[in-house]
Amino acid sequence: MSRPRGRHSLMILVTLLLGLAGVGQAQTMPAPPVTDIHLGVATCAGGPCHGAASTTKKNGVLQNEYLTWQVHDKHAKAYTVLEGDLGKRIAANLGIGPATEAKVCLDCHADNVPAEARGVQFKISDGVGCEACHGGGQRYLGPHVDGHITHAELVNNDGLYPTDRPVERAKLCVSCHVGDDTHVITHKIMGAGHPRMPFELQTFTQIEPAHYVIDDVYRQHKAVAKGVQFWAVGQALALERLATGIANDKHQGNGVFPELVFFDCQACHHPMSNLRWQKRASTGLGPGIPHFNDANAIMLRAIAAKVAPDLGKSLDADVHELHLALSAGEGNPGEIARRLAANAQKLGDVLAAHDFTKADMRDMLLAVAKSSTNGDTSDYAAAEQATMAFASIIYTLNTDGALDASAYAALKAGLNQCYGATEKEDNYDPVKFAAAAKSVTQAMPSW
Ligand code: HEC
Ligand code: HEC
Ligand code: HEC
Ligand code: HEC
């Protein structure tokens, strides 16, 4: 099973043109959205609240959020897919009984809070419902209907999760899309047939059908972060999760193999007729050696070089050491991975506070493209991240008004070549990708 980018590419292009800017604000860290009672999607979807058939935005929000989620958002089907052919097959291969009753599946495919945190209208079959992202409604339901309380108060006092802020959104989404201690994905589950889970925060924010619009009313109660900020922060927090997972003894795998879910999938899973290995200074490893999935680290190198060079240097050193420790037995992987996780988290906070200028964006794009000339995108996963990086940067430059029509068209043409070069992971060709990345850099205005 695989989830090639091709399935997304058209959607990304469309949303790239039509999509909305992301939103965010770095503030105090609220509690994660699990402790309050989760009242159930039906509670949120009451007619006068978020269950309208169309929108007037009379009360400040669209009010047809339920319809958008139910009809267009894959999160509404997250439980249902467990009952489908693939869900059944995965569960049967693992011998865990029905997937709809397996905690390991429900933790990511539903709002799997403990029984005592489920309200009367709560239904596990609602999948990834409103409160899986926005937090249990127990305390904020009343005050937020009332309308006299500010958004900040709802977040600080009443358990509403700040999905608008980059660091908090990143933590929320990567908890399921990368995995963590309570959302556990393993190579065993992948081996049973689970799709690979590539993730990039800004691209996935764009792909998820928006049930909100960012307009003046929205800006009155929320700060609006740039798309590129979600991209950058998402990279930092994804790497943080991955490194924390590697550091966790619980996930050290079975027998002689480490937990392969943290490794580059295509290093092992690509046809031998398609030779693509290239020397990479950033890993320091020779041919024939599997390495951990460093696609996020490669993006962060490009980001940090521009925004936080010192932090970037120590991150790079950690990444290099971790490659040698995990794949060549030199050093203590747990210790290095913990250091890397801490540095990635620090970088996430720096990026959430940084004001990205158009020169920053240009330089980051050029730095990402450089990874196609030093062997780093000989890995499919890195090329896939680089493509989503280009998309997120070009999108933000365009919404910022930094591109004229011809520059935008030329950049999109280059981006289309990147989509083409990453469409099929099995016959991925790094040379073709490098040529596509070059056409993006050539289309980049120099200002
Ligand atoms: C760490 C979170 C996580 C865990 C654990 C997990 N999944 Fe998933 N699953 C996902 C995500 C995220 C996707 C979507 C990947 C994508 O499209 O990018 C997905 C996709 C799927 C799909 C494909 C859905 C489709 O639309 O085609 C099936 C089927 C599935 N999972 C079944 C399972 C089963 C069965 C289990 C338990 C053995 C399980 N998953 C455990 C996160 C998880
Ligand atoms: C996968 C996570 C996720 C799910 C599931 C989800 N939302 Fe959201 N929601 C978001 C994000 C991200 C935003 C945009 C950031 C923000 O404004 O906080 C948002 C924004 C909103 C807003 C704010 C609009 C505004 O103008 O301020 C409302 C209201 C809302 N969601 C209601 C719902 C309802 C009702 C459901 C269930 C039917 C739901 N959401 C399901 C992630 C989610
Ligand atoms: C509780 C776990 C969970 C959380 C939190 C979560 N997701 Fe998901 N997401 C899933 C699962 C499971 C699927 C696969 C559903 C399916 O295919 O039916 C999915 C699917 C998606 C898809 C569709 C991908 C595709 O293949 O088309 C997008 C886009 C997405 N999520 C974005 C987000 C974003 C953005 C956030 C954070 C605001 C987020 N998700 C938070 C579990 C989660
Ligand atoms: C170090 C090498 C290695 C890495 C890295 C690796 N795998 Fe595997 N994978 C294997 C081996 C070995 C098997 C078992 C093959 C067998 O059963 O004959 C396997 C089996 C699988 C299967 C089942 C194939 C089948 O024919 O049913 C899937 C799917 C899979 N892996 C996905 C992944 C994904 C997704 C990743 C990345 C997150 C990954 N693998 C990373 C070596 C690897």
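Guide: Let us begin with a definition: a residue is buried under 20% relative accessible area, exposed over 50%, and partly exposed in between, with a 1.4 Å probe and protein chains only. This is a predicted model, in which local features need pLDDT of at least 70, side-chain atom pairs count only at pLDDT 80 or more, and totals for chains, interfaces and linings use all residues. Residues are numbered from 1 along each chain as its sequence is written, chains are lettered from A and ligands numbered from 1 in the order in which they are written, and side-chain values use heavy atoms, with hydrogens and water left out.

Visitor: What makes Q63 buried or exposed?

Guide: Q63 has a relative accessible area of 9%, which is under 20%, and therefore counts as buried. Q63 lies in the loop between α2 (41–44) and α3. Its phi is positive too, at about 75°, and Q63 is not a glycine.

Visitor: Which residues are the protein donors of the iron atom of ligand 4?

Guide: They are H187 (NE2) and H269 (NE2), 2.0 Å from the iron atom of ligand 4. Donors are N, O and S atoms within 2.8 Å of the metal (3.2 Å for Na, K and Ca); water is not among the atoms, so sites may look incomplete. The pair links distant parts of the chain, 82 residues apart: H187 is in helix α11, and H269 is in the loop between α15 (265–268) and α16 (295–307).

Visitor: Why is the arrangement around the iron atom of ligand 4 called octahedral?

Guide: Six donors count as octahedral if opposite donors are over 155 degrees apart and all others between 65 and 115. The 6 donor atoms around the iron atom of ligand 4 subtend angles of 87 to 178°, which makes the arrangement octahedral. The ideal angles for six octahedral donors are 90 or 180 degrees.

Visitor: What coordinates the iron atom of ligand 1?

Guide: H109 (NE2) and H194 (NE2) do so, at 2.0 Å. H194 has a relative accessibility of 15%, so it counts as buried.

Visitor: Why are α21 and α22 called roughly antiparallel?

Guide: The axes of helix α21 (residues 405–421) and helix α22 (residues 430–443) come within 8 Å and cross at roughly 170°. Axes are lines fitted to C-alpha atoms, for helices over the stretch in contact, and angles run from 0 to 180 degrees between N-to-C directions. Angles over 145 degrees count as roughly antiparallel, under 35 as roughly parallel, 65 to 115 as roughly perpendicular and the rest as oblique. The two helices, α21 and α22, are therefore roughly antiparallel to each other.

Conventions
Helix = DSSP H or I, 4+ residues; strand = E, 2+ residues; numbered from the N terminus. Tetrahedral: all angles 85-135°; square planar, octahedral: opposite > 155°, others 65-115°.
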